[in-house]
Amino acid sequence: MASVKESTTIGEYQAFVAEVYGLPNSRYFSASEMITNVERFIMRGLKGIRKEENERTTLNLLIAFSWFMSLMNQFHIDIEDEAWKRFPCLCSYCGDCPCSCAKHKAPVSRKVAVDESKHPKTMQDLQRMFEAIYPSGSRNIEHAGIHLAEEVGELSESMLVYRGSHSDKDFEYVKHESADLLSCFLGVFNSMGVSMAQAMAKMFSENCHVCKKAPCECNFAEVVKYKS
Ligand SMILES: [Zn+2]
Ligand SMILES: [Zn+2]
């Protein structure tokens with residue numbers, strides 16, 4: 001049986017998604033269909049924000065995040081590694097922790113010294129790291145939700161560009177945008193005061209959260225019409 005522990009790392013969660021959803025994903029979905037599913041469930045999560053229903057937001061964003069991990073698996077992107085390269089306990093633009101971008105008129109790009117000892121071990125540590133860089137008290141949840149929507153749009157755009165060129169340079173852009181999207185997922189969970197790892201452990205205590213099988217046996221029609 002495959003399950004997610006509260007102490008999961010992103011890498012372990014990515015492997016869990018490969019074990020449970022790798023087979024149906026390979027048979028049924030292309031990368032562009034996967035990003036459509038990421039967008040689809042993020043939008044449902046945003047509806048939860050508008051209606052002030054944290055449970056609805058949590059469930060839909062966890063589904064969106066699982067599609068996001070499926071996409072990372074298809075591209076063979078190690079998202080844990082990319083997130084650390086882009087956010088080494090510092091904002092990727094201003095190089096400060098907490099981020100000081102708002103104090104500058106335009107984001108400044110600085111070379112930063114990376115302290116490997118601060119590398120988060122678990123997903124919970126990663127969520128704490130993002131709270132330290134981008135404190136949830138400095139924005140409201142709607143702001144965090146809008147930022148999440150912007151970033152999923154940027155990831156889609158980078159995939160479209162990559163699909164046209166298949167160049168390494170454009171693939172780097174896909175990796176950057178993936179790390180930015182990850183940071184925004186954790187940002188919304190920080191704004192809700194919900195532990196993403198804890199919520200994932202509850203949802204994925206046994207294989208697929210719907211059919212409870214590994215590999216998932218949900219049929220295609222159920223997956224594309226799934227409403228949460
Ligand atoms: Zn900054
Ligand atoms: Zn299933």
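I began with the spacing of the zinc ion (ligand 1) donors along the sequence, and it reads C-x2-C-x4-C-x1-C. Those donors are the SG atoms of Cys91, Cys94, Cys99 and Cys101, sitting at 2.3 to 2.4 Å. (Donors are N, O and S atoms within 2.8 Å of the metal, or 3.2 Å for Na, K and Ca; water is not among the atoms, so sites may look incomplete.)

Before going on, I noted that this is a predicted model, where local features need pLDDT of at least 70, side-chain atom pairs count only at pLDDT 80 or more, and totals for chains, interfaces and linings use all residues. Residues are numbered from 1 along each chain as written, chains are lettered from A and ligands numbered from 1 in written order, and side-chain values use heavy atoms, leaving out hydrogens and water.

Next I checked the geometry: the 4 donor atoms make angles of 101 to 117 degrees, so the zinc site is tetrahedral (four donors, all angles between 85 and 135 degrees). Cysteine 91 and cysteine 94 are both buried (under 20% relative accessible area, 1.4 Å probe, protein chains only).

Then I turned to rings and found 16 aromatic pairs (Phe, Tyr or Trp rings, the six-membered one for Trp, with centres within 6.5 Å). Tyrosine 13 and phenylalanine 16 are stacked, because their centres are 6.0 Å apart and their planes at 20 degrees (stacked means under 30 degrees). Both lie in helix H1 (residues 10-28), 3 residues apart (helices are DSSP runs of H or I, at least four residues, numbered from the N terminus).

Note on methods: Four donors count as tetrahedral if all angles lie between 85 and 135 degrees; four count as square planar and six as octahedral if opposite donors are over 155 degrees apart and all others between 65 and 115; anything else is irregular. Buried means under 20% relative accessible area, exposed over 50%, partly exposed in between (1.4 Å probe, protein chains only). Rings of Phe, Tyr and Trp (its six-membered ring) pair if their centres lie within 6.5 Å; planes under 30 degrees apart count as stacked, over 60 as edge-to-face and the rest as tilted. Helices (H or I, at least four residues) and strands (E, at least two) are DSSP runs, numbered from the N terminus.
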